[in-house]
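The following report is meant for a reader who meets this structure for the first time.

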Amino acid sequence: MSVLQQSALRPVYPVRTERLSLRPLTVDDVDALFAYRSRPDVCRYVPFEPMTREVIDERLATQWANTELTDEGQALTLGIEDAGTGQLVGDVVLFWHSREHGGGEIGYVVNPDFSGHGYATEAARGLLRLGFDQLGLHRIIARIDERNEPSARVARRLGMRQEARLVHNELFKGEWSTELDFAMLAEEWLAYRTP
Ligand SMILES: CC(C)(COP(=O)(O)OP(=O)(O)OC[C@H]1O[C@@H](n2cnc3c(N)ncnc32)[C@H](O)[C@@H]1OP(=O)(O)O)[C@@H](O)C(=O)NCCC(=O)NCCS
């Protein structure tokens, strides 16, 4: 897919997957977001600290209010909703890092009450579809602390290749973090989604 196709990503919401709806977060999600984003175990290997309701309110009014990607440097955060129950079970994010290089990155968080059902994998697959098929990205990465084994399993289930293991490359929350770098190219995505 040509990088010339990277003009913007303006999804039609909700973005449906087999069991889930991906859609922008709203003020009605504060309680559901607080239920997991306030938990130290959930935040252990992610860049943010446990969140207060005030921080969640502030995010909802700023970066999470973004519903499209129109240029590099932007991020699109979407709620993961169980399409059957309407329950918010987590959230995913797609970063558009570079227009020139067609580069993006994904991240995912699931409420531990809803883990073990494949929701993170299914939602992240939906995000790869948006990044590759709609935005026209060339390469999407995921960067994961080696100790975060459930997250690395998600990346592997998605068909992402492990490209690097960066030993103690970041002092992360007071400890050295060994980073696993995963990636998928547009042509690999095509092969993956049409096996
Ligand atoms: C990383 C994280 C999202 C993984 O959550 P998860 O529930 O393990 O991942 P999934 O939702 O894809 O579920 C996969 C599990 O469900 C099981 N499963 C059940 N039904 C499934 C289905 N239909 N499809 C896929 N997996 C299914 C899988 O076997 C797998 O279990 P396993 O890892 O023990 O083999 C979660 O641990 C989390 O939110 N952590 C905190 C935030 C974080 O660290 N994010 C990543 C930052 S890099």
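Gln162 stands opposite Phe182 in strand S8, where strands, like helices, are DSSP runs numbered from the N terminus (E, at least two residues, for strands; H or I, at least four residues, for helices). This is a predicted model, in which local features need pLDDT of at least 70 and side-chain atom pairs count only at pLDDT 80 or more, while totals for chains, interfaces and linings use all residues. Residues are numbered from 1 along each chain as its sequence is written.

Strand S8 pairs with two strands, as the table shows; two strands count as paired if DSSP finds at least two bridges between them.

| Strand | Partner | Sense | Bridges |
|---|---|---|---|
| S6 (residues 139–145) | S8 (residues 175–185) | antiparallel | seven bridges |
| S7 (residues 161–172) | S8 | antiparallel | eight bridges |

Ile144 has Leu180 as its bridge partner in S8. The hairpin of S7 and S8 has two residues between the strands, and Lys173 takes a positive phi near 50 degrees there.

The largest nonpolar core has 41 residues, of which Val92, Ile106, Tyr108, Ala123, Ala124 and Leu128 touch the most other members. Such a core is a set of buried Ala, Val, Leu, Ile, Met, Phe, Trp, Tyr and Cys residues joined through C-beta atoms within 7 Å. Helix H4 (residues 119–134) gives the most to this core, with eight residues. Ala124, leaving aside its neighbours within four places in sequence, is in contact with Val92, Ile106, Tyr108, Val154 and Leu158, contact meaning that the C-beta atoms, placed from the backbone, lie within 7 Å.

Around the ligand there are 20 residues, and Ser115, Gly118, Ala120, Thr121 and Ser151 come nearest; a residue counts as near if its C-beta atom, placed from the backbone, lies within 6 Å of the molecule. Strand S5 (103–110), H4 and helix H5 (149–157) are the elements that give two or more residues to this shell.

Elsewhere, Pro50 has its place in the loop between helix H2 (40–43) and helix H3 (53–61). Is Pro50 buried, exposed or partly exposed? Pro50 is partly exposed, because 15 other C-beta atoms lie within 10 Å, whereas a buried residue has 20 or more and an exposed one 12 or fewer, with partly exposed in between and C-beta atoms placed from the backbone. Not counting residues up to four places away in sequence, Pro50 touches Ser38, Arg39, Pro40 and Cys43. Pro50 and Met160 are 110 residues apart in sequence and 28 Å apart in space, C-alpha to C-alpha.

Key: Contact = placed C-beta atoms within 7 Å.
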